[in-house]
Amino acid sequence: MEHRSFEQIYLQYYKPVYAYLMTLCQNEELAAELTQETFFKALDVLKGFDGRQEVRAWLFTVARNAYYAKNTLTDTYRRQKRELPPLDDTLTDVPSPAPLPGEELEQREGALSLYQKLHALPEPYREVFWLRVYGELTFAEIAALHHKTESWARVTFYRARMKMKEAIL
């Protein structure tokens, strides 16, 4: 695994895996549980990882499988009222200049609105859009994750982008 320790991998990919799982389940507790399960499973099969796939994409695959395995065991999380997680200021890495009075509130409201519109997208559009934009996966990696063709990933992302544009306008 590129001669990196598991601890380095965990520290580097914990937040992206957690954020990805949040887009799938929209439940903080479940996402945290599944993130831990993902890394536990990854540690368990680490010796079998051949390195043909990028570590991030491989972890997203493990996370996605953990999520769908959990959902086939119980439907209670699907029936729960979906709540938006609170906006977390720690997710932004680049400090921005101090906003003008009222500007910060407008930015938060805009971000919340965008976040709500993203989560209103039907599957697989929401997941593909998130993987491409926030997960920074290539279309080939998205296709492999979904066991589809690269063309499917491109078309699905394009349609998701169009749905987001319609929702914003």
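Modeller: Start with Phe-39. Its relative accessibility is 2%, so Phe-39 counts as buried. Keep in mind that this is a predicted model.

Biologist: Which rings are in a cluster with Phe-39?

Modeller: Ring pairs join Phe-39 to Tyr-10, Tyr-14 and Tyr-18 in a cluster.

Biologist: Is Tyr-10 buried or exposed, or in between?

Modeller: Tyr-10 is partly exposed, at 26% relative accessible area. The ring centres of Tyr-10 and Phe-39 lie 4.8 Å apart with planes at 70°, so that pair is edge-to-face. The pair links distant parts of the chain: Tyr-10 sits in helix 1 and Phe-39 in helix 2, 29 residues apart.

Biologist: How many aromatic pairs does the structure hold?

Modeller: There are 11. One of them is Tyr-10 with Tyr-14: centres 5.3 Å apart, planes at 50°, so the pair is tilted. Those two are four residues apart in helix 1, about one helical turn.

Biologist: Now the helices. At what angle do helix 1 and helix 2 pack?

Modeller: About 140°, with the axes 9 Å apart. That makes helix 1 oblique to helix 2. The crossing is right-handed.

Biologist: What classes of residue make up the contact of helix 1 with helix 2?

Modeller: The contact has 17 nonpolar, three polar and one charged residues.

Biologist: Switching topic. How many residues of helix 7 are buried?

Modeller: Six of the eight, so helix 7 (residues 139–146) is largely enclosed by the rest of the structure. Glu-141 and His-146 are among the buried ones.

How values were computed:
Residues numbered from 1 in each chain as written. Predicted model: local features only at pLDDT ≥ 70, side-chain atom pairs only at ≥ 80, totals over all residues. Heavy atoms only, no water. Axes fitted to C-alpha atoms, helices over the stretch in contact; angles between N-to-C directions. Parallel < 35°, antiparallel > 145°, perpendicular 65-115°, else oblique. Left-handed = near helix turned anticlockwise from the far one by under 90°. Nonpolar A, V, L, I, M, F, W, Y, C, P; charged D, E, K, R; others polar. Buried < 20%, exposed > 50% of the residue type's maximum accessible area, 1.4 Å probe, protein only. Phe/Tyr/Trp six-rings, centres within 6.5 Å; stacked < 30°, edge-to-face > 60°.
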